[in-house]
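Trainee: I would like to learn how to read a few side-chain and helix features from a model. Can we go through them one at a time?

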Amino acid sequence: MALTKPNKLPQAAVIKQILKRCSSLGKKLHGYDIKDGLPFDVPKGHFTVYVGESRSRYVVPLSFLSHPDFQCLLQQAEEEFGFDHDMGITLPCEEVVFQSLASMIR
C-alpha cells in the first residue's frame with residue numbers, strides 16, 4: 001500500500017516540526033518527567049502515536065519519521081487533527097493498516 005502525496009516542506013523541516021510538537025506535549029500530560037518533559041515509558045529514540053477509533057497507543061522509533069509512507073500519514077494527521085491538542089499525534093488510519101505499515105518499515 002503506497003500512500004503518496006507531494007511534500008509542501010522539505011523533509012528535514014517537516015521532521016523538525018514534528019519533533020518540536022512532540023516534545024512540547026510532555027509538559028501537558030501526566031506520566032512525564034517534570035524535569036525533562038519526557039514520558040517515563042518511552043525509551044530514548046522513540047515517540048508515541050495514537051491509532052484507530054479507540055486511539056490505541058504505539059511507541060515507535062524515530063527512524064519511522066524518514067519513511068515516506070509514515071510521513072504521508074503524519075501530513076494527513078496534521079490536516080485532519082492538527083498537532084495542537086492534548087492527545088498527542090493521532091494517525092488517521094485503522095490499527096490494522098498502521099500495524100501493517102509498522103511491520104513493513106521495521
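Mentor: Start with a cysteine. C72 has a relative accessibility of 4%, so C72 counts as buried. Keep in mind that this is a predicted model.

Trainee: What is the relative accessibility of C93, and is C93 buried or exposed?

Mentor: The value for C93 is 14%, and C93 also counts as buried.

Trainee: How many disulfides are there?

Mentor: The general idea is that a disulfide is a covalent bond between the sulfur atoms of two cysteines. In this model the count is 0 disulfides.

Trainee: Now the rings. How many aromatic pairs does the count give?

Mentor: The count gives 3 aromatic pairs. To classify a pair, look at the angle between the planes: over 60 degrees is edge-to-face, under 30 degrees is stacked, and the rest are tilted. For F47 and F70 the ring centres are 6.1 Å apart and the planes stand at 70 degrees, so this pair is edge-to-face.

Trainee: Which parts of the chain does the pair of F47 and F70 tie together?

Mentor: F47 belongs to strand β1 (residues 46-51) and F70 to helix α2 (residues 68-80), so the pair links parts that are 23 residues apart in sequence. Both partners are shielded by the burial criterion: F47 is buried at a relative accessible area of 7%, and F70 is buried at 0% relative accessibility.

Trainee: How are the rings of Y58 and F98 arranged?

Mentor: Their centres are 4.9 Å apart and their planes are at 55 degrees, so the pair is tilted. Y58 sits in strand β2 (residues 56-61) and F98 in helix α3 (residues 95-105), so this contact ties together parts that are 40 residues apart in sequence. Y58 is buried at 18% relative accessibility, and F98 is buried with a relative accessible area of 2%.

Trainee: Which residues form an aromatic cluster?

Mentor: F47, F64 and F70 form one aromatic cluster.

Trainee: Which residues of α2 are buried?

Mentor: They are D69, F70, Q71, C72, L73, L74, Q75 and A77.

Methods. Residues are numbered from 1 along each chain as its sequence is written. This is a predicted model: local features need pLDDT of at least 70, side-chain atom pairs count only at pLDDT 80 or more; totals for chains, interfaces and linings use all residues. Side-chain values use heavy atoms; hydrogens and water are left out. Rings of Phe, Tyr and Trp (its six-membered ring) pair if their centres lie within 6.5 Å; planes under 30 degrees apart count as stacked, over 60 as edge-to-face and the rest as tilted. Helices (H or I, at least four residues) and strands (E, at least two) are DSSP runs, numbered from the N terminus. Buried means under 20% relative accessible area, exposed over 50%, partly exposed in between (1.4 Å probe, protein chains only). A disulfide is a pair of cysteine sulfur atoms within 2.5 Å.
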